[in-house]
Amino acid sequence: MLTLDKIYHARYILSDTIRQTDIIYSPVFSAQTGCELFLKPEVLQITGSFKIRGAYYKISQLTDEEKAKGVIACSAGNHAQGVALASQKFGIRSIICMPEGAPISKVEATRSYGSEIILVPGVYDDAHAEAERLRDKYGYTFIHPFDDECVIAGQGTIGLEILDEMPDVDAIIVPVGGGGLISGIAYAVKSLNPNIKIYGVQSSGSPSMLASLSSGKIVALDSCSTIADGIAVKETSPINFNICKEYVDGIVTVNDDEIAASILSLIEKQKMISEGAGAAALAGVMFGKIPELKGKKVCCVLSGGNIDVTILSRIIYRGLLMSGRSCSLTLEIGDRPGQIRDVSSIIAACGGNITEILHLRSNEGMSVNDCYLKIEIETRDAEHIKMIKDKLLENGFKLVQN
């Protein structure tokens, strides 16, 4: 059984291995959200995420016989690196099954810790099935990312650290995938102070825990679609479901645009890089999904920072659009000299900066004497975008796409 003693024991075992990430107060996010907001930056953890906590504690508790046979896991990134590093420190063999589409950076980071990598055709579920097949064939110990009491206890050490630094915290916000992180934190915190609120945040593209708690039973999603791959989990486990049902005060969802905007805000305002899953908790607070937090002392767990740099620019662009920092307009204009100059002058007078412009003639359904002008503009916020649009309309230009 999961017990508070086990979480304290995990803390003792982890003390010489993990980094106790210091809680950071954010004046900017506090002013923006209306609560006193603090960040628990597991993005700065060894391997770049909290997963090392649960993986290391689980592997530390294996018998000598189990260690001799080695361990196996499946993961697209963070759990893989946690298992790989923990195995390296204990000097045992580790095999990680990863979907063949996993980012090269995460594959190579896992390999650098000494694990044997098996790239499995398909998606995470195919990698999971292959890991179980190899476990049954060779007798490896399977290290599950969340369906394990030792793993949950390891993640629960984050709750103890938050209480050490913030004994007067009112609420803790946690990203949720399979539920191992929030289960550990909620169990630890509520066991010591049941008055502290624990809220989870899931992606609207993979709300498995929310669906399960709402139905009163475990629900398996047909599919997951989100930029937050670290919390893209189709189905939770009985232990996490039961802990969340008893100790978690609520689960909310955020969409990909809100997650992207939170990633961008962390970069600009806190100088921190977060992956989608890591920024989900902050997105829940930034976009007012938990109104009970107003005026409260709140801690958001930034669970990981292992974002694939090849998609970072796309996520930043989505964040710019979501926060009103960038705008894409299409205008229908007369095909005559001076039109582009006039449009540019209006935008410049409003303080906008054109970054890209495309002039299109002879589109289907368009008048012979007209053309389309597609413009990308750097803007300050949504109010600034509205001002530019209004000025264009006042000057007789037609917006085709708002």
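In this predicted model, Glu-394 forms a salt bridge with Lys-391. The closest N and O atoms of the pair are 3.9 Å apart. Both residues lie in helix α16, 3 residues apart, about one turn of the helix. Glu-394 counts as exposed, because its relative accessibility is 59%. Lys-391, at 36%, counts as partly exposed. Elsewhere, salt bridges that share partners join Lys-40, Glu-42, Arg-53 and Glu-161 into one network.

Helix α16, residues 382-394, also holds the pair Lys-386 and Asp-390. Their closest N and O atoms are 2.9 Å apart, and the two residues form a salt bridge. Lys-386 and Asp-390 are separated by about one helical turn, because they are 4 residues apart in the helix. Asp-390 is partly exposed, at 29% relative accessibility.

A search of the whole structure finds 21 salt bridges. One of them joins Lys-58 to Asp-148, with the closest N and O atoms 3.0 Å apart. This pair links distant parts of the chain. Lys-58 sits in helix α3 (residues 51-60), whereas Asp-148 lies in the loop between β6 (141-142) and α8. The two are 90 residues apart. Lys-58 has 16% relative accessibility and therefore counts as buried. Asp-148 is buried as well, with a relative accessible area of 14%.

Strand β7 comes next. Of its 5 residues, 5 are buried, so the strand is largely enclosed by the rest of the structure. Both faces are covered. Ala-171, Ile-173 and Pro-175 lie on one side, and Ile-172 and Val-174 on the other. Strand β7 runs parallel to β8 (residues 197-203), and 5 bridges join the two. Val-174 has Gly-200 as its bridge partner in β8. From β7 the chain crosses through α9 to β8, and this β-α-β crossover is right-handed. Strand β10 also runs parallel to β7, joined to it by 3 bridges. Here Ala-171 stands opposite Val-298.

The largest nonpolar core contains 38 residues. Ile-162, Val-169, Ile-172, Ile-182, Ile-185 and Val-301 touch the most other members. At least two core residues come from each of α1 (4-14), α8 (149-165), β7 (171-175), α9 (180-192), α11 (238-247) and β10 (297-302). Leaving aside residues up to four places away in sequence, Ile-182 touches Val-174, Val-176, Ile-198, Tyr-199, Gly-200, Cys-244, Val-248 and Ile-251. A second, separate core has 35 residues, including Ile-231, Ile-259, Met-272 and Ala-277.

Note on methods:
Residues are numbered from 1 along each chain as its sequence is written. This is a predicted model: local features need pLDDT of at least 70, side-chain atom pairs count only at pLDDT 80 or more; totals for chains, interfaces and linings use all residues. Side-chain values use heavy atoms; hydrogens and water are left out. A nonpolar core is a set of buried Ala, Val, Leu, Ile, Met, Phe, Trp, Tyr and Cys residues joined through side-chain atoms within 4.5 Å. Buried means under 20% relative accessible area, exposed over 50%, partly exposed in between (1.4 Å probe, protein chains only). Contact means heavy atoms within 4.5 Å. Two strands pair if DSSP finds at least two bridges between them. A crossover is right-handed if, with the strands pointing away from the viewer, the path from the first strand over the helix to the second runs clockwise. A salt bridge is a side-chain nitrogen of Lys or Arg within 4 Å of a carboxyl oxygen of Asp or Glu.
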